[in-house]
Amino acid sequence: MRGLLIEGSMKFFVDTAVISEIEELAATGMVDGVTTNPSLIHKSGRDFKEVIAEICKLIPGPVSAEVAATEFEQMVAEGRELAKIAENVTIKLPLTWDGLRACRTLTDEGRMTNVTLCFSANQALLAAKAGATFISPFIGRLDDMGINGMELIHEIRTIYDNYDFHTEILAASIRTVNHLKDSALAGADVATIPPSTLKSLAGHPLTDKGLAAFLADWEKTGQKII
Ligand code: G3P
């Protein structure tokens, strides 16, 4: 399943369940996957399985769909149900002992898994031991508590590299353009980015100012390219 991913580059996932937002950003060719969670599904107002199926058709890369159960057997059952939707469904599981057990079972069945709600390096170590395809450390929610969320990305990168774990670090709860830049500097494999943040990445006042000056001078030449 790792073949679905573009090796050797930082992947961008979009953190939304709104189809129009995914369509708009997919047109840039920069969307490698999508993450959803129960809150984003609620916000979309859509039927869960229906919207996941639509997203999976739009984006060939990993599309995270989260189980709602909290107990091992039911988590595995829900994970298998979600995996039926499409080959690129990534089963998202919370970082609990039951979630980690379910991760091991579903990973051994050849499913992609994303262990979410990670707030410590030890939790990330457990997820890697459980064979997770992705670990989702939540940067913004740690920052909210006055703890440097980016430090967690650095710690996980070091631990995974020390032991050559193949679990990919999926930087989540990204709230600012600096969160993205710092995740890239820290060596996160993937960042899941809200559409508004992704769109704001290209903006810079000096780009706008420079372009306005170029266009004004071009106008003065009286020329046309076509
Ligand atoms: O995928 C969900 C994660 O990115 C949460 O973000 O902003 O709700 O903490 P946030």
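Which residues surround the ligand? I looked that up first: Asp 15, Asn 37, Lys 92, Phe 138, Arg 141, Ala 172, Ser 173 and Arg 175, taking a residue as near if one of its heavy atoms lies within 4 Å.

Note on the source: this is a predicted model, where local features need pLDDT of at least 70, side-chain atom pairs count only at pLDDT 80 or more, and totals for chains, interfaces and linings use all residues. Residues are numbered from 1 along each chain as its sequence is written, and side-chain values use heavy atoms, with hydrogens and water left out.

Next I sorted the shell by class and got four charged, two polar and two nonpolar residues. Here Asp, Glu, Lys and Arg are charged, Ala, Val, Leu, Ile, Met, Phe, Trp, Tyr, Cys and Pro nonpolar, and the others, Gly among them, polar.

Then I checked polar contacts (N or O atom pairs within 3.5 Å). Asp 15 has a polar side-chain atom 2.7 Å from a ligand oxygen, and for Ser 173 I also read 2.7 Å to an oxygen atom of the ligand. Arg 175 puts a side-chain N or O atom 2.8 Å from a ligand oxygen.

Last, the pocket. I find the ligand in the largest pocket, counting it as sitting there if more than half of its atoms lie within 2 Å of the grid points. A pocket is an open set of points on a 1 Å grid over the protein atoms alone, where a 1.4 Å probe fits, with protein on both sides within 12 Å along at least five of seven lines; lining residues have an atom within 4 Å of a point. I noted nine nonpolar, 10 polar and six charged residues in its lining.

How values were computed:
Polar contact = N/O pair within 3.5 Å; in protein donor to acceptor, adjacent residues only side chain to side chain.
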